[in-house]
Amino acid sequence: MHAIEVSETGGPEVLRYVETAQPEAGHGQLLVKAEAIGVNFIDTYFRSGQYPRPLPFIVGSEVCGTVVAIGEGVESAITVGDRVVSASANGGYAEFCTAPAFLSAKVPDGVSSEVAASALLKGLTAHYLLKSVYPVQDGDTILVHAGAGGVGLILTQWATHLGVRVITTVSTPEKAELSREAGAAEVLDYPTDAVRFADRVRALTDGAGVAAVYDGVGATTFDASLSSLAVRGTLALFGAASGPVPPVDPQRLNAAGSVYLTRPSLVHFLRTGEEFGWRAAELFDVIGGGVVNVEISGRYPLSEAARAHQDLQGRKTTGSIVLLP
């Protein structure tokens, strides 16, 4: 089979299109023939070495496709021939991959493979942020950075549906329009001065600040995020697209209003099959019901994964992008 292998860490150029052996379904696993493969920022962290792992490896974790084999010990209703999606696949950038059965879901008939592959990881992220990290309440105002990105668009649509007022940041007028179409009440440029940005946010919230900031950008937005919080607000730093945030003095959280800072990761919010099933079911409900529309702005052949990474990190994409084997 063909796959994208990383034999040395670095930029997009280290992604190599190779011929390699097809995996086999191990204990508790499904063997999936890929129809569409999600591309996510976390993939760039593994590729660059920011998240270390043994070399060589096949990058990627989000795949939608057909089950072609089931390993021993699988206790689920999934059968060979079912169309499934997982955000926890092993070696996802490939024509075939394995995925843990308890972290795989059947795809509803009304959801395309491309939408499923591009929405699961981002949608599960939006779910744990909105329902678990800071459970939003009707009437809250929140700040979402990268409002025209894959997670940002889902977060905005879902939060708006829950009665939340959403302020977002974007980098271009075109992305601003996308964010507004998703329901953003206010769309701001990315912060260049933390104090001025926070003053703008407070002017939009009658001086109070926001109940929560969902920040997947990191280094370049962190100070502005912290300064924009209401008293006892929550800063959820769930990514580092602009680089990791330097160490933080805890006293800053006191000075900002006894605020909460958390660095969550999806894996810690999918501890059991039941938790995964709950989150995935609610995600597919809002997609199927038209509450969340998943925009796919780019489709790339598997062999052009390097170009997909270049476009993603160069902020040339909006919404979600997928690889097609």
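Mentor: What follows covers the ring pairs, then the charges over rings, then the sheet. This is a predicted model, in which local features need pLDDT of at least 70 and side-chain atom pairs count only at pLDDT 80 or more, while totals for chains, interfaces and linings use all residues. Residues are numbered from 1 along each chain as its sequence is written, and side-chain values use heavy atoms, with hydrogens and water left out.

Rings of Phe, Tyr and Trp (its six-membered ring) pair if their centres lie within 6.5 Å; planes under 30 degrees apart count as stacked, over 60 as edge-to-face and the rest as tilted. The count by this rule is 4 aromatic pairs. One of them joins Phe-46 to Tyr-51, edge-to-face, with 5.5 Å between centres and 80 degrees between the planes. Phe-46 is partly exposed at 24% relative accessibility, and Tyr-51 is partly exposed at 25% (buried is under 20% relative accessible area, exposed over 50%, partly exposed in between; 1.4 Å probe, protein chains only). Ring pairs also link Phe-41, Tyr-45, Phe-46 and Tyr-51 into a cluster.

Phe-46 has a charge over its face as well: Arg-53, at 5.7 Å from the ring centre. The criterion is NZ of Lys or CZ of Arg within 6 Å of the ring centre and within 35 degrees of the ring normal. Elsewhere, Arg-315 places its charged end over the ring of Tyr-190, 4.4 Å from the centre.

As for the sheet, it is open and antiparallel, with 3 strands in the order E2-E1-E4. Strands (E, at least two residues) are DSSP runs numbered from the N terminus, and two of them pair if DSSP finds at least two bridges between them. E2 (15-19) and E4 (57-58) are the edge strands; each has a single partner, so one side of each lacks a neighbour in the sheet. Strand E1 (residues 2-6) is joined to E2 by 5 bridges, and Ala-3 stands opposite Val-18 in E2.

Definitions and conventions: Helix = DSSP H or I, 4+ residues; strand = E, 2+ residues; numbered from the N terminus.
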